[in-house]
Amino acid sequence: MQAIELSKPQTFRTIEIPEPSAPGPGEVLVRTHRCGICGTDVSGYLGKMPFFEYPRIPGHELGVEVLCIGEGVTNVAVGDRCSVEPYMHCGRCYACQRGAINCCEQLKVIGVMIDGGLRPQFVLRAEKLHSSSRLSFDQLALVETLAIGCHAADRGSVGQGETCLVIGAGPIGLATLEFVRIRGAQPVVLDLDPQRLAFCRDRLGIEHTILPEDDLVEQLKACCEGHLPDVVIDATGSEESMSKSFSLVAPTGRLVFVGLTTGEVVFRHPIFHRPEGTLLCSRNALPDDFRKIIDWIQEGRIDTSPWITHKIPFSEVARQFPQIIQPEAKAIKAMIEVS
């Protein structure tokens with residue numbers, strides 16, 4: 001069986017791996033149909049993802065089909081279409097005992113710390129599958145990205161009628177934006193790329209989009225009824241952007257880092273102390289986020305039609321991946337067709 005391996009930064013290769021064994025108790029054998037490309041995959045490819053280990057079979061945004069179930073599995077059946085919750089938690093550590101399984105002390109994310117879905121079949125824990133008879137494999141592969149945004153909006157406690165600045169209009173920023181709107185806040189989007197901002201306006205109906213120019217504070221106040229945003233969510237993964245974001249929150253405002261950087265984030269303490277700001281980080285997502293998102297897509301509350309802009313055949317990953325991540329490709333979400 002063939003798989004795609006990222007053997008080192010900027011080096012994909014096709015490898016032969018054994019057929020998976022039969023699933024054990026509580027496990028499921030799945031076939032991968034779709035695998036989304038996200039910022040984690042790009043950072044891993046570029047060698048900038050701190051949690052990525054090489055060599056690795058990537059792939060954690062997955063739409064899969066259940067092929068075989070192990071003993072005791074009741075939440076899914078053979079033939080089910082599922083989204084995969086890729087966070088393999090231990091269930092025993094302090095974080096897990098508190099319900100924060102996204103912060104498990106022994107956390108292994110498939111496609112990052114352990115092998116992921118860029119292979120035709122693999123075995124995983126049944127509890128990590130979320131099924132839907134109505135969503136396509138493309139939609140199911142989008143759920144994990146959306147879950148990251150859902151959790152970020154929850155971490156920021158984005159409230160009805162508040163103003164919320166989302167910095168970075170890549171997939172995670174756009175996912176966060178969905179839930180800022182669902183929670184009834186007024187969104188503002190900041191990005192360096194005018195084309196991404198145009199996408200937010202034209203395809204998503206976002207009224208306030210701004211470029212980071214010299215009069216940024218005044219631009220923000222003009223969009224936020226004369227004050228700075230109540231919540232700022234930085235989805236860039238840029239230490240420069242994250243450092244500057246401390247100066248953009250309203251009095252008693254919240255700053256949420258959902259992007260991840262290996263660099264140093266620095267700020268002058270008074271600029272964040274003066275407004276009595278609160279700093280939060282958002283890591284991964286929780287099981288309820290997956291179920292909630294699947295329900296909302298089925299109900300039409302989340303429109304996935306603008307998301308998938310590019311498709312890549314499994315056999316073309318090594319050749320097309322470096323091209324699809326370039327700004328000129330204008331990719332919002334690229335989907336790998338595994339089978």
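# Rings, a cavity and cysteines in a predicted model

Biologist: How many disulfides does the structure hold?
Modeller: For C35, the nearest cysteine sulfur belongs to C38 and is 8.7 Å away. For C96, the nearest is that of C93, at 3.6 Å, and C96 is in no disulfide. The number of disulfides in the structure is zero.

Biologist: What is the relative accessible area of C35?
Modeller: C35 is in no disulfide. This cysteine counts as buried because its relative accessible area is under the 20% cut-off. The value is 2%.

Biologist: Now to the rings: is the pair of Y45 and F321 stacked or tilted?
Modeller: The count for the structure comes to 10 aromatic pairs. In the pair of Y45 and F321, the ring centres are 5.0 Å apart and the planes stand at 55°.

Biologist: What is the angle between the planes of F246 and F267?
Modeller: F246 is in the loop between α7 and β14, while F267 is in the loop between β14 and α8, so their pair ties together parts 21 residues apart in sequence. F246 is buried at 2% relative accessible area, whereas F267 is partly exposed at 36%. Their ring centres are 3.7 Å apart and the pair is stacked, with an angle between the planes of 10°.

Biologist: Which residues form one aromatic cluster with F246 and F267?
Modeller: F246 and F267 are themselves an aromatic pair. The cluster holds them together with F257 and F272.

Biologist: Over which ring does the charged end of R301 sit?
Modeller: There are such arrangements at two places worth a look. R283 lies over the face of F51, at 5.5 Å from the ring centre. The charged end of R301 is 4.4 Å from the centre of the ring of W296.

Biologist: What is the volume of the largest cavity?
Modeller: A search of the whole structure finds one cavity of 30 Å³ or more. Its lining has 13 residues, with F12, D41, P58, L118 and F321 nearest the centre. By class these are 10 nonpolar, two polar and one charged. The volume is about 70 Å³.

Biologist: Which peptide bond is cis, with omega near -10°?
Modeller: Look in the loop between α1 and β4, where P55 lies. The cis bond runs from Y54 to P55.

Biologist: Is K330 buried or exposed?
Modeller: K330 lies in the loop between α10 and β17. Its phi is near 55°, a positive value in a residue other than glycine. The relative accessible area of K330 is 51%, over the 50% cut-off, so K330 is exposed.

Technical notes:
Residues are numbered from 1 along each chain as its sequence is written. This is a predicted model: local features need pLDDT of at least 70, side-chain atom pairs count only at pLDDT 80 or more; totals for chains, interfaces and linings use all residues. Side-chain values use heavy atoms; hydrogens and water are left out. Rings of Phe, Tyr and Trp (its six-membered ring) pair if their centres lie within 6.5 Å; planes under 30 degrees apart count as stacked, over 60 as edge-to-face and the rest as tilted. Helices (H or I, at least four residues) and strands (E, at least two) are DSSP runs, numbered from the N terminus. Buried means under 20% relative accessible area, exposed over 50%, partly exposed in between (1.4 Å probe, protein chains only). A charge sits over a ring if NZ of Lys or CZ of Arg is within 6 Å of the ring centre and within 35 degrees of the ring normal. On a 1 Å grid over the protein atoms alone, a cavity is a set of points where a 1.4 Å probe fits but cannot get out, and a pocket is an open set with protein on both sides within 12 Å along at least five of seven lines; lining residues have an atom within 4 Å of a point. Grid points are joined across faces, edges and corners, and a volume is the space filled by probe spheres set on the points. Ala, Val, Leu, Ile, Met, Phe, Trp, Tyr, Cys and Pro count as nonpolar, Asp, Glu, Lys and Arg as charged, and the others, Gly among them, as polar. A disulfide is a pair of cysteine sulfur atoms within 2.5 Å.
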